[in-house]
Amino acid sequence: MPFRFPETLSCRHHLSSRRHLVALGVSLVATALATSVLAQSADELSKTLTPVGAERAANKDGSIPAWVPEKQDSNWSFGKLRKDAWKYHNDKPLYAIDAGNVDKYADKLSPGQISLIKQTKGYRMDVYPTRRSCNVPDFVADNTKKNVGFAKMNANGWAIDDAVVPGIPFPMPKNGAEAMINMSLRYRGVAVEYKNGSTLVSPRPGSTDWIDYGYDQTNFWPWAAKGSRKLSEAKVNHQHTFFGYTSPAALAGQAAVISDYFEKSGTDAFYYFPGQRRVRRLPSYGYDAPQIGFENQYAVDEVQVFTGAIDRFDWKLIGKKELIVPYNSLGMYDFTAKLHDVVGDDFINPKNRRYELHRVWVVEATVKQGVRHLSPKRTFYLDEDSWNPVLAEDYDGQGKLWKVREGFVIPVFEIGACDVSAFAQHNLPDHRYLLDFHAVGTGTDVKWFVEPIGPRQKSNFYTSDSLRAVSER
């Protein structure tokens, strides 16, 4: 007699099969829906959103115009003044904000801006028509689309595991950490050079003595060359930096190489001391560590509004706000100007600063439990059109407003994108400010690169041995 399944067992088998097929069908439908949603999200980057995730549309009253892709000015070449080549260089201010009318515009200003205007005698913001001049090259736009549904953060909540670069990892960010990663991975070309850089700190109240240090510096982003690559496969550092003092005589010859990473916090930093003819490893050169020689006015992570790892803070994405911010400030890159025609004792000449109304992402940072930082609370304002940091505020341990930073974003013609290089920081309690990474009065423009050129634009340059060899020549 042939073997037969009992009827109950046979029914269970068929039910199990049907359930499996139903589950498989649900899974396939869910996968198809998820794929469709991702495709629609990526498609938004060419319809309602810009290639980096900003709103294409104008605001309600048209004071922020619709974003229209435009090519960077083609009649410029290195050595010419950027401000003269920009197509809107004949713009006139619409109005000015000072201590007499600041309350009228308070809803379009940050707390730090309001305090700076009220506290600093003679401080003025000239507000110009809004020019949405920021764009990205096609390969950056394409990589940004590929990142929708692909880019992912590490489980630690602060590092990025993978993304297609150069491109914006999270053009539609869900949290503050993703927004800050966008800022740190914005396209800036592959390198930038400061052949005659100048860091300035204003005198202490009652003094006339400026801090004025000259330097030669290169920043190199090995992942940012033209094309498309996955961070997980590229196996490169986030950034390399070479820095060497050229003046004053007491500092001239001191130099450093610094490397930071995607997958871990902290840096590898080596410093050359010419008096000792020795290279020493710096054990902790990041976060709120003071930069050498600046009377505690300048911390490492304050460079260009914010630089470094984000692991010491919890990041909250507040949302977007219409704010009057530094924008298209090409006057900060006028290398032919006389320095102290631009740099005053208490603030930068308003004619060299330009402000416009733009939408910005607002991100709040709160120091993590059990971790220390001199600024336990910070607020960052990121330009929606470029992810550049255009404004930041630091609060001290007592919760009082301490420092206000402004990033002077400009269209960088040679890379086809916008960047913040020059920035200013006002220390409100000390009544002092600093200016760095500008070109004012230096005789030499800042230079950006789209392809690696020369030894400083290779990762193997950033070692203690290379630093010793270069410094001892």
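A residue counts as buried when its relative accessible area is under 20%. V305, at 0% relative accessibility, therefore counts as buried. The model discussed here is a predicted one. The protein is built from eight helices and 20 strands, and 54% of its 473 residues count as buried.

**Overall form**

- The C-alpha trace spans about 110 × 60 × 50 Å along the principal axes of the protein.
- The radius of gyration is 25 Å, which agrees with the value near 23 Å that a compact globule of 473 residues would have.
- Among contacts between residues at least 6 apart in sequence, 65% join residues that are at least 24 apart.

**Surface and charge**

- The protein exposes about 21100 Å², and carbon and sulfur atoms supply 53% of this area.
- There are 59 positive and 54 negative side chains in the protein.
- The centres of the positive and negative sets lie 4 Å apart.

**The disulfide**

- A disulfide is a covalent bond between the sulfur atoms of two cysteines.
- The structure holds one disulfide, formed by C134 and C418, whose sulfur atoms are 2.1 Å apart.
- This pair links distant parts of the chain: C134 lies in the loop between strand 2 (125-127) and helix 4 (138-147), while C418 belongs to strand 18 (residues 417-427).
- The two cysteines, C134 and C418, are 284 residues apart in sequence, yet their C-alpha atoms are 5.4 Å apart in space.
- The torsion about the S-S bond of C134 and C418 is about -100 degrees, so the disulfide is left-handed.
- Are these cysteines, C134 and C418, buried or exposed? C134 has a relative accessible area of 1% and is therefore buried; C418, with 3%, is buried as well.
- Leaving aside residues up to four places away in sequence, C134 touches W67, Y327, D383, D385, S386 and C418.

**Cis peptide bonds and positive phi values**

- Most residues other than glycine have a negative phi, and most peptide bonds are trans.
- The peptide bond from V165 to P166 is cis, with omega near -5 degrees. P166 is located in the loop between strand 5 (164-165) and helix 5 (176-184).
- A cis peptide bond also joins S247 and P248, where omega is about 0 degrees. P248 is part of the loop between strand 9 (239-247) and strand 10 (255-260).
- Q304, a residue other than glycine, has a positive phi near 50 degrees. Its place is in the loop between strand 12 (278-282) and strand 13 (313-326), and at 3% relative accessibility Q304 counts as buried.
- V305, again a residue other than glycine, has a positive phi near 80 degrees. V305 is found in the loop between strand 12 and strand 13, and its 0% relative accessibility places it among the buried residues.

**Two helices and their surroundings**

- Which residues of helix 3 (residues 111-119) are buried? They are G112, Q113, I114, L116 and I117.
- The buried residues of helix 3 pack against several strands, including strand 1 (95-97), strand 2, strand 16 (389-395) and strand 17 (401-412).
- Helix 5 is mostly covered, with eight of its nine residues buried.
- In helix 5, the buried residues are G176, A177, E178, A179, M180, I181, N182 and M183.
- The cover over the buried residues of helix 5 includes strand 3 (152-153), strand 4 (160-162), strand 13, strand 14 (355-367), strand 15 (377-383) and strand 16.

- F413 is placed in the loop between strand 17 and strand 18.
- With a relative accessibility of 9%, F413 counts as buried.
- F413 and D73 are 340 residues apart in sequence, and the distance between them in space is 6.3 Å, C-alpha to C-alpha.

Notes
Residues numbered from 1 in each chain as written. Predicted model: local features only at pLDDT ≥ 70, side-chain atom pairs only at ≥ 80, totals over all residues. Heavy atoms only, no water. Helix = DSSP H or I, 4+ residues; strand = E, 2+ residues; numbered from the N terminus. Rg over C-alpha atoms; globule rule 2.2 N^0.38 Å. Buried < 20%, exposed > 50% of the residue type's maximum accessible area, 1.4 Å probe, protein only. Contact = heavy atoms within 4.5 Å. Areas by Shrake-Rupley, 256 points an atom, 1.4 Å probe, with all protein chains shown as cover. Lys, Arg positive; Asp, Glu negative; His and termini not counted. Charge placed at Lys NZ, Arg CZ, Asp CG, Glu CD. Disulfide = S-S within 2.5 Å.
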